[in-house]
Amino acid sequence: MSQKTTPPPGPSGPAADTTTTTTTAGTTAGTTAGPDTAGSSPITVPAHAQSWVHRLADPSFWADWAALIGLVVLAIVFEIGNSSFLDVGNIQAMLVASSILIVLSLGQTFVIATGGIDLSIAAAMTFGAVCFGSAFGHGQPIWLCCVIAVAGSAAVGVVNGLLVGVAGITDFIVTLGTLSAASGAALVVANGQPTTIVDRFLLRMSTDGIGIIGWPVVVAALLAVVAHVVLFHTRFGTHVLAAGGSKEAATATGISVGRIKVAVYSISGTLAGVGAILLVARIGASEPAANTSFLLNSVAAVVLGGVSLFGGRATIIGPVLGALLLTALANGLTLLGVSEFYQPIAVGAVVVLAALITRFQK
Amino acid sequence: MTAQTHQTTASTTDTPIVEVRGLSLAFGSVQALRDVNLQLRPGEVTAIVGDNGAGKSTAVRCISGVHKADSGEILFDGSPVSFHNPEDAREAGIETVHQNLALVEDLTVWQNLYLNREIVHGFGPLALLDRRAMRTGAQEMVSTLAVNVPAVGARVRRLSGGQRQAVAICRAAGFSSKLVIMDEPTAALGVQETARVEELILRLKSEGRAVLLISHNFAQVMRLSDQVWVMRAGQCVAGRRTDDTTGEEIVALITGAQAA
C-alpha cells in the first residue's frame, strides 16, 4: 500500500531507470520514502553520510583514488620501517626528486587523455637536454640555452603530433619511432659525450626555493595548476577529453581530432623540454642518456592516477599523486636498505596492481 | 513522375524551409541519387521512406553538408546554399541527430549538450569555460523539452538508451535550429522510450521547427509525419500528404508495386 504512494526518489538517486517499477523504487528510495512508512521509526541517516558510505563501498571510488591511498599506505609502512621517512628533510628531497617526473606525467596525461601514448617523452627530454648542453658549449647565455632546450623537445612533440594527427599513423608506432630517432639525434648532437654545465642560475634553481620548497617543485606545481585549468576550464581541454572519449562524436560536433592530437603531442614535447632544464639543473650536466625509467614512470604515474589508457577520462591531481607515489616508493625502499635492483620490480608490481584496480572503474 | 511531385507540393502554400531541386550524386560508378526533388516545411514532420540503399541517407547527408551533390541545388530558407561540411550546415541552423547519437560517454550531459559550443568568458586562449552558465542552460534545455533525464551533471555513460536519445535530440533542438534531421531515432529503443522520443519530435514540430525523419517504422511515420517522400533506387518517386495516404500505398510505392 505504502509503495503505491511512494513518491519517486529524489534527485540524488539514479531515479529515471527505476521509477517505473514500484518495487525497486520502494527499496532504493529507502531514506527518502521514510516519512511515508508510518509507524516504523524515522530513518535519520543524513543524505551526505549515506552517500559517503555508498561511495566507500564502491570499488570505482578506490580506483579513482588509488594513487592517494597508495601514497598514504606507503607513508605509513615506510615510516614504521624507518622513522626518518617523514622527516621534513626527506619530504623536501622527495618533492624535488619527483618534480621532473611530475612535469613529464602532465604531458603524458594530455596525450593519454586522447587515447594516445607518448613513448618518446623521455627521449624528447634527453634531446632537449643535449640541445641545452650544445648551446651552453657554444657560449650562449643561459636563458637562450633554456629556450633552445624547450624548442628541441617541443620539436619532437610537434613531429609526433603531425605524424599522428595529420598523417594518421598509430600513436604507438609514431612515438616508438621518435623514441629511437630522438635518442639517436641526442647522441649525434652530443657526440656521445656528456657536457658539464656549471652555472649560478642552474645551481640556485636546484638548491634554492621558496622557503623549504625547492624551485623544481614550484615549477612542477605551477605547471600542474595550469594543466588542470587547461584540461577542465577551457574549450580545448573539453575537446581533448571528447576526442579521447569518442572520436566519432567529437568529429560529428565539428571538433578536429587531428588538430587536438597535434596540440597534445606538442604540449607533451614542450613539457619534456621543461623537464630537460630541470634535469640539467639537477645533475649539473647534459647527458645523451636513455632515461628509460622516466618514460616508464611517466606512463605508470598516469595509470596510477586513474587516467584511462583508452582516453576520455583524466585528472591532473591523479598523475601528480602517482608521480609522488613512485618517487616515495623508490625513496622508501632506499631508506629501508633494499637494494636498488629491487626497485623496478616494486614499481612494476605497483603499476600492475593499479591497473588491476582500474578495472573496477565505472 | 516529377509532375506528380510538383502537384503534391502545390497543394500547400507556405514556403518550404528546405527545397531540394534536381539533386544527383554518384559515388564512382554507383549513381546514388538521380534528380531528387523534395521540400520540407517549417512546423511539419517530413518523413523520407524507402528500402535499404534507396538513397535516403545520401539525400539527407547532402542536406546536412556531409556530401556535396554533383548537380542540382538545395535552397534553405529560400536561398541557395552550398555547405562544405556539417559545421556549415549547423551554422545555418540544420542539426542532425546521428544514428550513433555522437555523444561522449565520459562527459556529462551538459558537456555533451554544449560540445564544441562551450560558453566561455574571456577572449582567445585565455578564455575560461563558464561552467555555471552551461549547467543552467543545459537544465533549461532539458526541462523545456520535458525530457526524462536524471541530472545534467550525470555522465552519459550512466544514462539509458532513451535518455541518451533525448540528450542527442536536446542538443539538436537546443540551439535555435530551424531543421532537425533524425536518422532512425527510435530504432534501438523500447516501447516506452520510443513514446517519449515521439513526444519530443511532436514538441519540436509544435515549436515551429521542421523535422526530417528517416524511419523504417511505417506506423511511426504515419503517426508522426505530415508529409512523406518515397525514395526508390536513388530517385524520389513520390510525395504524399500523410493524411491523404495509407501505409499500404506507401509500401506499394517503396517496392515499386504501385507507380507514382
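Biologist: Into which domains is chain B divided?

Modeller: Domain bounds come from an automatic or database domain assignment. Here chain B has domain 1 (1-93 + 178-260) and domain 2 (102-176). Taken over C-alpha atoms, their centres are 27 Å apart. Keep in mind that this is a predicted model: local features need pLDDT of at least 70, side-chain atom pairs count only at pLDDT 80 or more, and totals for chains, interfaces and linings use all residues. Residues are numbered from 1 along each chain as its sequence is written, with chains lettered from A and ligands numbered from 1 in the order in which they are written.

Biologist: How many residues does the contact take from chain A and from chain B?

Modeller: Two residues are in contact if their C-beta atoms, placed from the backbone, lie within 7 Å. By that rule, chain A gives 22 residues and chain B gives 25.

Biologist: Which element gives the largest share of chain A's side?

Modeller: Helices are DSSP runs (H or I, at least four residues), numbered from the N terminus. On the side of chain A that touches chain B, α13(A) has the largest share, with six residues.

Biologist: Is helix α2 (residues 56-63) of chain B mostly covered or mostly uncovered?

Modeller: A residue is buried if 20 or more other C-beta atoms lie within 10 Å of its own, with C-beta atoms placed from the backbone. Helix α2 of chain B is mostly covered, as seven of its eight residues are buried. Among them are B:K56, B:R61 and B:I63.

Terms used
Helix = DSSP H or I, 4+ residues; strand = E, 2+ residues; numbered from the N terminus. Buried ≥ 20, exposed ≤ 12 C-beta atoms within 10 Å, placed from the backbone.
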